[in-house]
Amino acid sequence: MIVVADTAGLLEKIDAVPRPLCLVPTMGALHEGHLSLIRAARETVGPQGTVAVSIFVNPIQFDRKEDLEKYPRPLEKDLAASEQAGADLVFTPDASQMYAADHSIVISENRLSNFLCGASRPGHFSGVCTVVMKLFLLFRAQSAVFGKKDFQQLAIIRRMVRDLNVPIDIIGHATIREADGLAMSSRNVRLSPEQRADAPIIRRSLVAARDLLSLGERQAEPILAAARFHLEKSPLLKIDYLSLVDAETLEPIAIIRRPALLATACFYGSVRLIDHVELMQCY
Ligand code: AMP
C-alpha cells in the first residue's frame, strides 16, 4: 500500500496507478463503517483497479473549534486498518498541503444546505464541497463512495457533481451500526460510558416514530412529537434539531406524500451525533 502525505507526491504517483480508481474520502479514526466503504470501493473497481483513501481532518468544515481540536487522529491504526480492508493508496495530507495560506476560493451550495445540519452548522457544507472537489481533482477518480449516514452530505455532493458536470460516479453506501443500533461514528469514542450506554436511544426514537407510518399516520407533527417524546426521555442528550423533510429537496414538510426523512442531531455534552430514518412506504 502506498502512503503519501504531500500533494506533489500524490500527483506524481497518481498517474502511475491502475484505473479505474475509486476514492473513499474520510477524516480518519476509521471504524467498520469506513472499512465497509473501502470494501465497496474494491467491489466497484475490481481486483485490478485502485482503491484510494484520503484521511484528512478538514479544518474548513468545522464550525466549532473544540470539535476540530478534539477530533481523534489515530493515524498508524488507520493505515493498518485501510491496508487490511484492501486500500492500495492512502493520502494523509495536513492542512498546509491542502490549503494555501491565502486560499480564497470555495464552493458553496445554496439550497440543500439551508436545512438540517446546514442550518445549525454555518459554512460546514461549503467546507465539505470545497475539500471533496479538491480531492476529486487531485485523484481524478472515476468513482467515489460516501456513506448514507451523512445523508445530507451525500445529497449535496450528488448535487455538486450534477451542477458542475464533474465526471465521477457517486456511490452511496448503507449506514453501518453497532449491535445496539447506534450509528458508527468517529465521534462515538468521545462519549463517556454513561453517554455511550444512552446513545442508542437516538435510533430507537426515530424507529418508534417511523412505526407510526405503518399505522397510517401521514402528518409530520405527530411523527415529530413521537420522536421528541422518546428522545426527551434521555436526561443526557440535548436535541440540536429534529426534522421531517422531503428526501430529495430536504425541505421540511407537513404531510408525507413522497419519500421523506426523519433526521436528528443530538448533543451529548460537546459531542454531536446525527442519525436519520427514511420514510419510504406508500403514501
Ligand atoms: P467521516 O470520516 O466521518 O468524514 O466519514 C467518511 C465517510 O464515511 C463519509 O462518506 C461518511 O458518510 C462515511 N461513514 C461514516 N460513518 C459511517 C457509518 N456508520 N456507516 C457508513 N458510512 C459511514
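1. Ala29 is buried, at a relative accessible area of 12% (buried means under 20% and exposed over 50%, with partly exposed in between; 1.4 Å probe, protein chains only). Ala29 is not a glycine, yet its phi is positive, about 50°. The residue belongs to the loop between strand 2 and helix 2 (helices are DSSP runs of H or I with at least four residues, strands runs of E with at least two, numbered from the N terminus).

2. The model is predicted: local features need pLDDT of at least 70 and side-chain atom pairs pLDDT 80 or more, whereas totals for chains, interfaces and linings use all residues. Residues are numbered from 1 along each chain as its sequence is written, and side-chain values use heavy atoms, with hydrogens and water left out.

3. Asn165 also has a positive phi, near 50°. Asn165 is exposed, at 65% relative accessibility, and lies in the loop between helix 8 (151-163) and strand 6 (169-173).

4. A cis peptide bond, with omega about 5°, links Arg19 to Pro20. Pro20 sits in the loop between helix 1 (7-14) and strand 2. Most peptide bonds are trans, and most residues other than glycine have a negative phi.

5. An N or O backbone atom of Met27 is 2.9 Å from a ligand oxygen atom. A polar backbone atom of Ile176 is 2.8 Å from a ligand nitrogen atom, and a backbone N or O atom of Met184 lies 2.9 Å from a nitrogen atom of the ligand.

6. Helix 2 contributes the most to the shell around the ligand, with three residues.

Note on methods:
A polar contact is a pair of N or O atoms within 3.5 Å; within protein, one must be able to donate a hydrogen and the other to accept it, and residues adjacent in sequence count only if both atoms are side-chain atoms.
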